[in-house]
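Have the sequence and the model open beside you, and follow along.

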Amino acid sequence: MNQETTEESNEESYILVWLTGIVFLVAMAAIFLFVPTEQTEGPVQRIMYIHIPSAWLSFFAFFIVFICSILFLWKKEREWDIYAHASAEIGVIFCSLVLITGPIWAKPIWGTWWVWDARLTSTLILWLIYVAYLMLRAQTEAGSMRARYAAVLGIVGFLNIPFIHFSVLWWRTFHPQPKVISSEGFGKGMETSMLVTLGISLCAFTLLYFLLMGQRIRQEKLKDEIDRLKREQLYSS
Amino acid sequence: MNLYLNQIAAIVWKDFVTELKTRELLSAMFIFALLVILIFIFSINLSIVKASEVGPGILWVAFLFAGTIGLNRSFMLEKENGCLMGLMLVPADRTAIYFGKLISNLIFLSIMELFILPLFMIFFNIDLLSHLGPLLVVVFLGTLGFCALGTLLSSLSSNLKTREIMLPILLYPLLIPIIIGAVRMTGQILDGTELFDMMKWIGLTASFDIIYIGVSIMTIDHILEE
């Protein structure tokens, strides 16, 4: 990596940092000041604007893991391995966030922290799959083997999602029906101001994903660079 | 094609001869499955709950745990004395190794299950004989799914330092759909439901089996690569 490209990517990441910060501030203002309180559920319903974007983000991140895993096995380039790793870490963090905000929302509304409902169950299983993925990465030493094994698990894990979905759905469910994309049409089940707030929040979280990805990828590449320099030092002396 | 089948058969035969010589795997799996069932019987009160409601779950947990032991053992044997390296040096397709191990795992597991089922019938006082046909279909579908994914992941985990711990951690979350399906179907069969009335579950488990055998064929080259 030469000096020029480093500076350029630094500048880009600064723009992204500011953009993410500003959109997050707007989202927070929308959540706490602009959007009206929900009639039946009260103020606790505002957690939805964190809960749904986190869920969307974790699914998106796991999808990126799947794509990057396929590309890695196909092209065998270290680049794709780094992307898959970074995306899996971010996905697990936001999946944890979903599993934490869910019970906080559920306790006053449903009266219990946890129910064995289809979507809660499948999110929990998904979390377990990708925690196992990260554990596999932590257990193996850096190199081609780790990248290949992780890529296989990234593919196998993502293909499991439809099976998990249907099996736990037929098992039992009482989650609220999807409101944003419902059978009546896009966004019919929700007030416009709520939809707008949710949209802004989604934008903020998506920007945050790309920001974290960029940072994590840069970090991993620097790690590679340090390893290379260390090895050079070792052999030259 | 003939050569390919011969290669698979040779690997299966090798596992059989080893098992006949050592007699380690089947007895260990059988006793372990029996112990799991016994522990469950002691930890639930069978006079309160209906045996046919908790039975299927306990049966599949026993199969799952005993099967994991079998899988761990199956690739450990290959790792010892560099046997896996020898297999990989054979001018055979890597998928032949996968299918060979898959079939031998499937056969060992099925034998263990055939021994466990009569004991299950006696302990839980459930009449299995009148539903034997559908029950065997369901047990086969579930076991095939377990072996399809289990063989792939145990070939992967056998190269890790902490293989005994990592295999269940990797495998169990991915197996949840097939466990739910198998337990549900077994329960419905014991209630007297026909196979045709649970087509959605059969479809789910069968497509799970097919998709994961397919994925394994496509990815086994990347795991058995040294």
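I am working from a predicted model, where local features need pLDDT of at least 70, side-chain atom pairs count only at pLDDT 80 or more, and totals for chains, interfaces and linings use all residues. Residues are numbered from 1 along each chain as its sequence is written, chains are lettered from A and ligands numbered from 1 in the order in which they are written, and side-chain values use heavy atoms, with hydrogens and water left out.

**Entry: chain A as a whole**

I looked up the elements of chain A and found six helices and two strands. Their order along the sequence reads α-α-α-α-α-β-β-α. I then checked burial, where buried means under 20% relative accessible area, exposed over 50%, and partly exposed in between (1.4 Å probe, protein chains only). Chain A has 237 residues, and 43% of them count as buried. For contacts I used heavy atoms within 4.5 Å. Of the chain A contacts between residues at least 6 apart in sequence, 78% join residues at least 24 apart.

Side chains of opposite charge can pair when their charged atoms come close. My rule for a salt bridge is a side-chain nitrogen of Lys or Arg within 4 Å of a carboxyl oxygen of Asp or Glu. By that rule I get 15 salt bridges over all chains.

I started with A:Asp81 and A:Arg78, whose side chains meet in a salt bridge at 2.9 Å, N to O. How far apart do they sit in helix H3 of chain A? They are three residues apart in that helix (residues 78–110), so about one helical turn separates them. A:Asp81 is buried at 4% relative accessible area, while A:Arg78 is partly exposed at 33%.

Next I went to A:Lys221 and A:Glu79, which form a salt bridge at 3.5 Å, N to O. A:Lys221 is in helix H6 of chain A and A:Glu79 in helix H3 of chain A, so this pair ties together parts 142 residues apart in sequence. Both ends are partly exposed, A:Lys221 at 27% and A:Glu79 at 33%.

I also noted A:Glu220 and A:Arg216, with a salt bridge at 2.9 Å, N to O. They lie four residues apart in helix H6 of chain A, about one helical turn. Here A:Glu220 counts as buried at 4% relative accessibility, and A:Arg216 counts as buried at 17%.

Which residues join up in a network of salt bridges? I wrote down A:Arg78, A:Asp81, A:Glu89, A:Arg137, A:Arg216, A:Glu220, A:Lys223 and A:Asp224.

**Entry: aromatic rings**

I paired rings of Phe, Tyr and Trp (its six-membered ring) if their centres lie within 6.5 Å; planes under 30 degrees apart count as stacked, over 60 as edge-to-face and the rest as tilted. The whole structure gives 23 aromatic pairs over all chains.

A:Phe60 and A:Tyr209 have ring centres 5.2 Å apart and planes at 75°, so I logged them as edge-to-face. A:Phe60 is in helix H2 (residues 48–75) of chain A and A:Tyr209 in helix H6 (residues 192–236) of chain A, 149 residues apart. A:Tyr209 counts as buried at 1% relative accessibility. Ring pairs link A:Trp56, A:Phe60, A:Tyr209 and A:Phe210 into a cluster.

In chain B I looked at B:Trp60 and B:Phe63: centres 5.3 Å apart, planes at 80°, so edge-to-face again. Both lie in helix H3 (residues 51–79) of chain B, three residues apart, about one turn of the helix. B:Trp60 is buried at 6%, and B:Phe63 is buried at 2%.

**Entry: where chain A meets chain B**

The contact takes 28 residues from chain A and 29 residues from chain B. Buried area here is the accessible area (1.4 Å probe) that two parts lose on being put together, summed over both. Chain A and chain B bury about 2,700 Å² between them, 75% of it on carbon and sulfur atoms. A:Tyr149, A:Phe163 and A:Trp170 supply 25% of the area that chain A buries against chain B, more than any other three residues.

How many salt bridges cross this interface? The rule finds zero between chain A and chain B.
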